[in-house]
Amino acid sequence: MTPEEKIERIKYNVDEVVTDEELTELIKTNPSPKVYVGYEPSGRIHMGHVLTVNKLLDCQKAGCEVTVLLADVHAYLNKKGTFEEVRKIADYNKRCFIALGLSEENTKFVLGSDYQLGQEYMINVLQMAKSVTLNRATRSMDEVGRAMDNPMVSQLVYPIMQAIDIALLDVDIAVGGTDQRKIHMLAREHLPELGFKKPICIHTPIISGFDGNKMSSSNDNFISVDDTAEDVAHKIKKAYCQQGDIENNPIMELFKYHIFPRYESITIEKPEKFGGNETYDSYTDLETAFADGKIHPMDLKNACTKYLNEILDPVRAVLL
Ligand code: TYR
């Protein structure tokens, strides 16, 4: 791949790159930049998580070295369970990520508690804590913290630790959903004061769950990688998908972020009397056709179920 092709691949389907110029410079000067995503261990790995996994796969194709942080300490600080509970889930999550294509040969998996409890880490956290206001730390957790109407001190240590992760894992690029933006900005601002480089940050979209809210483990509105084929069919059938509406349409989002990245073209099967099957070569073509009312929501949903199950079949096979 040429540097231009790598950049195109890395930027495909993302919301934002901070900054474009820095990314271009990095890709032109470094053939194997380091990229990471951190995940709080979660009982269910859902299609929202998979969006960042897709981005890590893009980065691997573009020659990047990928680290996945299984952020057990962060989950603990953010009220997600006891230490033992989150650690156990981290193991399961690692299996899910491997099943999704992040092979162990090409991906470094790091458990937070394996390095975050050491002295070097702690000294850096404390040093950054001296220059981050309570207000800034709280705001950075707006979209990440659980029950932030009454934040615990642990949840204010959290974003500082996330910034120190970026430094001590020595990554060039931090990837995360757009909900990570404020923490990433904190890291960009404060890491140089501690003598670390400013990370490039890439933000992927937050996809909608079937109730129209952010897809999230706490909202119970997701398709998870270990759902059965029947679960997937059932959830898609119930999902909001108004004829012609392409805004906040969870089905269209599944096509955009999960199906088109894996297929050259997709076919919507339609009864002969309504014109027969239609093939679309790009998401844009599909979107235009749906917006123009040329595809019935039911036909769209049936196709979505078929492709998503094709994608998830091999993942389930490994997990079972
Ligand atoms: N903040 C991330 C989330 O919302 C988890 C995370 C934790 C990411 C530590 C990176 C990191 O270094 O799930």
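A residue counts as buried here if 20 or more other C-beta atoms lie within 10 Å of its own.

The model is predicted. The protein chain averages a pLDDT of 96, and 100% of the residues score at least 70. For the complex, the predictor gives an ipTM of 0.99 and a pTM of 0.96.

Start at helix 11, residues 250-259. Pro250, Ile251, Met252, Glu253, Leu254 and Phe255 are buried, and so are Tyr257, His258 and Ile259.

Ile251 leads on to the nonpolar core. The largest such core has 82 residues, and Ile251, Val35 and Leu56 touch the most other members. Domain 1 (3-204) and domain 2 (229-319) each contribute at least three residues to this core. Now follow Leu56. Leaving aside residues up to four places away in sequence, Leu56 touches Val35, Val37, Val66, Leu102 and Val175.

Turn next to the ligand. Which residues surround it? They are Gly38, Tyr39, Glu40, Leu69, Ala71, His74, Val144, Gln162, Asp165 and Gln180. By class, this shell has four nonpolar, four polar and two charged residues. Two elements, strand 2 (34-39) and helix 8 (153-168), each supply at least two residues of the shell.

Conventions: Residues are numbered from 1 along each chain as its sequence is written. This is a predicted model: local features need pLDDT of at least 70, side-chain atom pairs count only at pLDDT 80 or more; totals for chains, interfaces and linings use all residues. A nonpolar core is a set of buried Ala, Val, Leu, Ile, Met, Phe, Trp, Tyr and Cys residues joined through C-beta atoms within 7 Å. A residue is buried if 20 or more other C-beta atoms lie within 10 Å of its own, exposed if 12 or fewer, and partly exposed in between; C-beta atoms are placed from the backbone. Domain bounds come from an automatic or database domain assignment. Two residues are in contact if their C-beta atoms, placed from the backbone, lie within 7 Å. A residue is near a molecule or strand if its C-beta atom, placed from the backbone, lies within 6 Å of it. Helices (H or I, at least four residues) and strands (E, at least two) are DSSP runs, numbered from the N terminus. Ala, Val, Leu, Ile, Met, Phe, Trp, Tyr, Cys and Pro count as nonpolar, Asp, Glu, Lys and Arg as charged, and the others, Gly among them, as polar. pLDDT is the predictor's confidence in each residue, from 0 to 100.
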